[in-house]
Amino acid sequence: IDAEFKDVFHFPYGEEGGLLDFCADGGKTGYLRSTIGRDTSALLKVDLATGETLEEIFSNDQADIGGVTLDKDTKEVRAVTYNYARTERVFMDQDLEADYNFLMTQLPNPNCEIGVSSRSLDETKWIISMLRSDGPTEYMIYDKPNKAVTPLFVSNPKLLPYKFSQMEDVRIPAHDGMELVGYLTRSVTEGPSPMVLLVHGGP
């Protein structure tokens, strides 16, 4: 390439971000994850020549953006995830949303979370995972045209004979008015039981 390199995006210390992918316009624009000027990361469409933000596609005041699903041909954004207490999805594609709504009806319990490990090139077959707090992760094949889910295997079959308590996500008000997110797993016992508190992270 007979051209000089130049800085387009700069993330100062303490900020996070990076280019996720190019848009389908010959490299003129792209999708950027950035925390600059905000408390949580946002998904932005940017001009790759000037660094100018053309559009804020999605952000959430409580959590950073997570996974971004793009159409493999048009590069349009189909869905964005974020995780405040559990994984949540915001859909821009109604067809994709319908698939996830169907898969939600196949969950062993409402506290499970769906993950997509891979899709066939024509997207008619998906490998999905159902993550649960009361047992091992289950992997399945989703046949999209026939709306059928077939079990493949579980991550740790030795856990299947045991009964585990479900994890609950809880909100704890802090002294400064902010909200702390925690996770609680209760013992399956009658009466009081010991509590183990794990403090994760912090200033």
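**Cores, sheet and salt bridges**

The largest nonpolar core of this predicted model has 13 residues, and Leu103, Trp126, Ile128 and Tyr142 have the most contacts inside it. A nonpolar core is a set of buried Ala, Val, Leu, Ile, Met, Phe, Trp, Tyr and Cys residues joined through side-chain atoms within 4.5 Å. Buried means under 20% relative accessible area, exposed over 50%, and partly exposed in between (1.4 Å probe, protein chains only). At least two residues of this core come from each of α1 (94-104), β9 (125-131) and β10 (138-143). The largest share, four residues, is supplied by α1. Helices (H or I, at least four residues) and strands (E, at least two) are DSSP runs, numbered from the N terminus. Apart from this core lies another, of ten residues, including Cys23, Ala63, Ile65 and Val77.

The model is predicted: local features need pLDDT of at least 70, side-chain atom pairs count only at pLDDT 80 or more, and totals for chains, interfaces and linings use all residues. Residues are numbered from 1 along each chain as its sequence is written, and side-chain values use heavy atoms, with hydrogens and water left out.

Strand β9 also belongs to a sheet. Four strands form this open sheet in the order β8-β9-β10-β11, with antiparallel pairing; two strands pair if DSSP finds at least two bridges between them. At its edges are β8 and β11 (148-154), each pairing on one side only. Strand β8 (residues 113-119) is joined to β9 by six bridges. Five residues lie between β8 and β9 in their hairpin, and Glu123 in the turn has a positive phi of about 60 degrees.

The structure holds 14 salt bridges, a salt bridge being a side-chain nitrogen of Lys or Arg within 4 Å of a carboxyl oxygen of Asp or Glu. One of them joins Asp99 and Lys147 (3.7 Å, N to O). This pair links distant parts of the chain, 48 residues apart: Asp99 is in helix α1, and Lys147 is in the loop between β10 and β11. Asp99 is buried, with a relative accessible area of 2%, whereas Lys147 is partly exposed at 39%.

Another salt bridge connects Glu168 with Arg186, their closest N and O atoms being 2.6 Å apart. Glu168 lies in strand β12 (residues 167-173), and Arg186 in the segment after β13 (179-185). Salt bridges that share partners join Arg86, Asp169, Arg171 and Glu179 into one network.
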